Amino acid sequence: MTDPKEGSIVIIGSGLIGRSWAMVFASGGFKVRLYDIVKEQVTAALQDIRKQMEELQKSGMLRGNLSSEEQISLISGFTELKLALEGAIFIQECVPENLELKLKIFSDIDRYVNDSAIISSSTSCLSPTKMFNGLRHVKNCIVAHPVNPPYYVPLVELVPHPQTEQVTVEKTYTLMKKIGQSPVKLMKETDGFVLNRLQYAVISEAWRLVQDGVISPRDVDTVMSEGLGMRYAFLGPLETAHLNAEGFKSYCERYGEGIRRVLATFGPVPTFSGEVAEKIDQAFWEEQTDKPDQLKTRREWRDACLSHLAKLKKETKKN
Ligand code: NAI
């Protein structure tokens, strides 16, 4: 457990990502203050967190060493920003992906926090430069981009503003490790950060293969889930290549020319609209069942799979 003197983690925005972060920090024994401008949202979030944690405990999937009751007692709700920020050591912003909104919230936070608190954003694709420019505490600002749902998928991309101090990066890195996440450090900002750049490359080629009539939407997904994805849950593309030959250089010598030839056939950036979007959308709805229920059921299944995978990865982690 954290020494109460260490202060609190403050989550700004109690939606999907804010709730999940609150659970992750509480699982690491941290006191969490969950703030939202909408009072009902905070109440709903606290109820939802309780329900989720109790279910996770029952199924043996609760993270951390504390019981669900102990973790729940670490989280409190706030609707006044200044009050929520008192004694904050780390602030994780989780408001909707809107630059104006984020600028406003960061300027408010900047006024109330002490000089050592770290101000972190969950943004998926807004640049640190755009969000943090001109803030008094810019050296303490960073992006800590989680993957949905952070409770089950541990990766966090740490992206600095050009004026972010290295100590902010290191402290955030250590904190993320402490709560069981897997942080990676980007040396500088780039549009889409790294996860989405890789993800967009895959989505684009999946789109083009469907568009060109090479494969069906469901089968292209099977290529990932039953093929590439089996390895990618444990190894990245570079080490996969390293192991598929006598090291990475040997892989390049053996396969480099073929890779270049195939890559040269890749088409332009897709439009992400029209007939192909329609075709892919159609392929993933089951007939004759309620649409919102389908998504809910499938998401619950996804989370259960991810939770089992997380357990497996923990068991197989190399020393
Ligand atoms: P959400 O819409 O579920 O939740 C946003 C919450 O912020 C709501 O509870 C809302 O009441 C609250 N809010 C709005 N204005 C506020 C303000 N001025 N002060 C305090 N609270 C305010 O959004 P979600 O999905 O949780 O996304 C939050 C952030 O996380 C976004 O920047 C998003 O890009 C990022 N993110 C989202 C992922 C996802 O898959 N949903 C994955 C990774 C990052």
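The legends below describe close-up views of a predicted model. In this predicted model, local features need pLDDT of at least 70 and side-chain atom pairs count only at pLDDT 80 or more, whereas totals for chains, interfaces and linings use all residues. Residues are numbered from 1 along each chain as its sequence is written, and side-chain values use heavy atoms, with hydrogens and water left out.

**View 1. The aromatic pair Phe25 and Phe90.** The structure holds eight aromatic pairs, a pair being two rings of Phe, Tyr or Trp (its six-membered ring) with centres within 6.5 Å, where planes under 30 degrees apart count as stacked, over 60 as edge-to-face and the rest as tilted. The ring centres of Phe25 and Phe90 lie 5.9 Å apart with their planes at 50°, so this pair is tilted. Because Phe25 belongs to helix 1 (residues 16-27) and Phe90 to strand 4 (residues 88-93), the pair ties together parts that are 65 residues apart in sequence; helices (H or I, at least four residues) and strands (E, at least two) are DSSP runs, numbered from the N terminus. Phe25 is buried at 0% relative accessibility, and Phe90 is buried at 2%, where buried means under 20% relative accessible area, exposed over 50% and partly exposed in between (1.4 Å probe, protein chains only). Trp21, Phe25, Phe30 and Phe90 form one aromatic cluster.

View 2. Twelve salt bridges are present in the structure, each a side-chain nitrogen of Lys or Arg within 4 Å of a carboxyl oxygen of Asp or Glu. Asp108 meets Lys104 at 2.8 Å, N to O, and Arg111 meets Asp108 at 2.7 Å, N to O. Asp108 is buried, with a relative accessible area of 11%, whereas Arg111 is exposed at 53%.

**View 3. The salt bridge between Lys185 and Glu170.** The closest N and O atoms of this pair are 3.2 Å apart. Lys185 is partly exposed at 36% relative accessibility, and Glu170 is partly exposed, with a relative accessible area of 30%.

**View 4. Charges over the rings of Tyr151 and Phe234.** A charge sits over a ring if NZ of Lys or CZ of Arg is within 6 Å of the ring centre and within 35 degrees of the ring normal. The charged end of Arg63 sits over the ring of Tyr151, 5.4 Å from its centre, and Lys313 lies over the face of Phe234, at 5.3 Å from the ring centre.
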